[in-house]
Amino acid sequence: MPPQRMSTLPHEDWVSSISCQLPGYFLTASYDGAIRLFDYSQKLLHTSSPHTAPVTSVCLVSTASGTPDSHLVASASHDLTARLTRIDLSSAGEPKAQTLASMHLHTAPLSSVAAAPSGAHLLTSSWDSLIGLWDTTVPATDEVPLEETLGGERKKRRKVAEDGEDVPRPRRKAPSAVLKSHTARVSRVVFGREVNGVSAYSCGFDSTVRTWDVENGVCTGTITAASKPFLDLVLSPNGQTAFAASTDRTVCQYDLRASTSSATTPSVASLAHPATPSCIAVPSTSPASTSTTTAEAAEHQLITGAYDGVARLWDLRSTKAAVAAFRAWEGREGGKKILSVDWARGLVGIGGEGGVEVWKAGEGDRLAA
């Protein structure tokens, strides 16, 4: 069955990041500096503005001690910071949000933020070629003095809550470690599939995909491509291969276990696109609700989004052409670039210049072109 358009979530500005990982909800980040929470009925439940510039990336952070209605969200922005915000859905009225911490390291816009499976750590990537490692605890006092932060935070007015009380100022955090090896802008960083988050992977404009030992803060492997500035990176569900989107209009699959002595690393597969692919998603399925057959089929599938406004579903067992292609924001005037995709529980969220569209595409389905 081909992918089907389910709904549209309107936004007034570009949507740079979307997450479908929270059951029953869609989480989005926008160029207007806001993160938004929608339910499956397309209702906008909450809008918060933790940043003063476009938000580039948003993700959920697992919390062992949190209540089912309380969710920790990490976001990254052009304002040179990442932020931790708690959204509480337990109240009968409108959900409440509080920004708990801001993370200070980078001297250029941040491109992505990722949470470890355990929720204990975050990674941030930036145009300054650095990757920051952070724990997710909220310190009792600032770890970075106010004088060292950029943007004139001292002069900002103190926020006031709706009930008139002062909102506590977010604590300023310093990184646990700084990962240095990239020689140009870092586009994306992700944790490995291990629960303890001991490994990480990144890609950048230096045409490399790098493997990191997070605990020791060192680069343990480098995949080098020839003139392939990378825009996005995602790991396969088993964590053994990486998919990297490049400005040369390809998405390449690399074996993370292979070693090579050549100057450039050959790819396992290359998916050609008619326009620059900007984002990639693999299915995120629940083991308890996924049959073995479906899980095996999903292992070979991924969805890409491109600047031509088309999302494409691929089966790695036949890479000559996409199995299915579906155009976002059909009939819309103006920009239609896709900037973000996510895929979970049979739902594909597409974010970009046209806002957000939600499509239905089952993981492991046998789709006809």
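These are my notebook entries on a predicted model of one protein chain.

**Entry 1: the chain as a whole**

I began with the totals. The protein chain has 369 residues, and 53% of them count as buried. I found 1 helix and 29 strands in the chain. I then looked up the accessible surface, which comes to about 16500 Å². Carbon and sulfur atoms hold 49% of that surface. For contacts with a separation of 6 or more, I noted that 50% join residues 24 or more positions apart.

**Entry 2: the sheet with β6 and β13**

I looked up an open sheet of 5 strands and wrote down its order, β6-β7-β8-β9-β13. The pairing in this sheet is mixed. Which strands stand at its edges? They are β6 (55-61) and β13 (171-173); each has a single partner strand, so one side of each lacks a neighbour in the sheet. On average, neighbouring strands here are turned by 25° against each other, direction ignored.

Strand β7 covers residues 70-77 and strand β8 covers residues 81-88; the two run antiparallel and share 7 bridges.

I then turned to an open sheet of 4 strands, in the order β10-β11-β12-β14. Its pairing is antiparallel. The edge strands are β10 (110-115) and β14 (177-180); each has a single partner strand, so one side of each has no neighbour in the sheet.

Strand β12 (residues 130-135) pairs with β14 in the antiparallel sense, over 4 bridges. I recorded Ala177 in β14 as the bridge partner of Leu133.

**Entry 3: aromatic pairs**

How many aromatic pairs does a search of the whole structure find? It finds 4. I wrote down two of them.

Phe26 and Tyr40 make a tilted pair, 5.0 Å centre to centre with 40° between the planes. Phe26 is in strand β3 (residues 25-30), while Tyr40 is in the loop between β4 (35-39) and β5 (44-48); the two are 14 residues apart. I checked burial for both. Phe26 is buried at a relative accessible area of 2%, whereas Tyr40 is partly exposed at 38%.

For Phe326 and Trp359, the ring centres are 4.7 Å apart and the planes stand at 40°, so this pair is tilted. Phe326 belongs to strand β26 (residues 324-327) and Trp359 to strand β29 (residues 355-360), so the pair ties together parts 33 residues apart in sequence. Phe326 and Trp359 are both buried.

**Entry 4: charges over rings**

The charged end of Arg185 is over the ring of Trp127, at 3.9 Å from its centre. The charged end of Lys337 is over the ring of Tyr307, at 4.7 Å from its centre.

**Entry 5: Ile280**

Last, I picked one residue. Ile280 lies in strand β23 (residues 277-281). Is Ile280 buried or exposed? It counts as buried, because its relative accessibility is 6% and the cut-off for buried is under 20%.

Leaving aside neighbours within four places in sequence, I listed the contacts of Ile280; among them are Asp232, Val234, Phe243, Val251, Leu302, Ile303 and Val341. I also looked up the separation from Ala306, which is 26 residues away along the chain. The C-alpha atoms of Ile280 and Ala306 are 9.2 Å apart.

Terms used:
Residues are numbered from 1 along each chain as its sequence is written. This is a predicted model: local features need pLDDT of at least 70, side-chain atom pairs count only at pLDDT 80 or more; totals for chains, interfaces and linings use all residues. Side-chain values use heavy atoms; hydrogens and water are left out. Two strands pair if DSSP finds at least two bridges between them. Axes are lines fitted to C-alpha atoms, for helices over the stretch in contact, and angles run from 0 to 180 degrees between N-to-C directions. Buried means under 20% relative accessible area, exposed over 50%, partly exposed in between (1.4 Å probe, protein chains only). Contact means heavy atoms within 4.5 Å. Accessible areas come from the Shrake-Rupley method with a 1.4 Å probe; for residues, only the protein chains shown count as cover. Rings of Phe, Tyr and Trp (its six-membered ring) pair if their centres lie within 6.5 Å; planes under 30 degrees apart count as stacked, over 60 as edge-to-face and the rest as tilted. A charge sits over a ring if NZ of Lys or CZ of Arg is within 6 Å of the ring centre and within 35 degrees of the ring normal.
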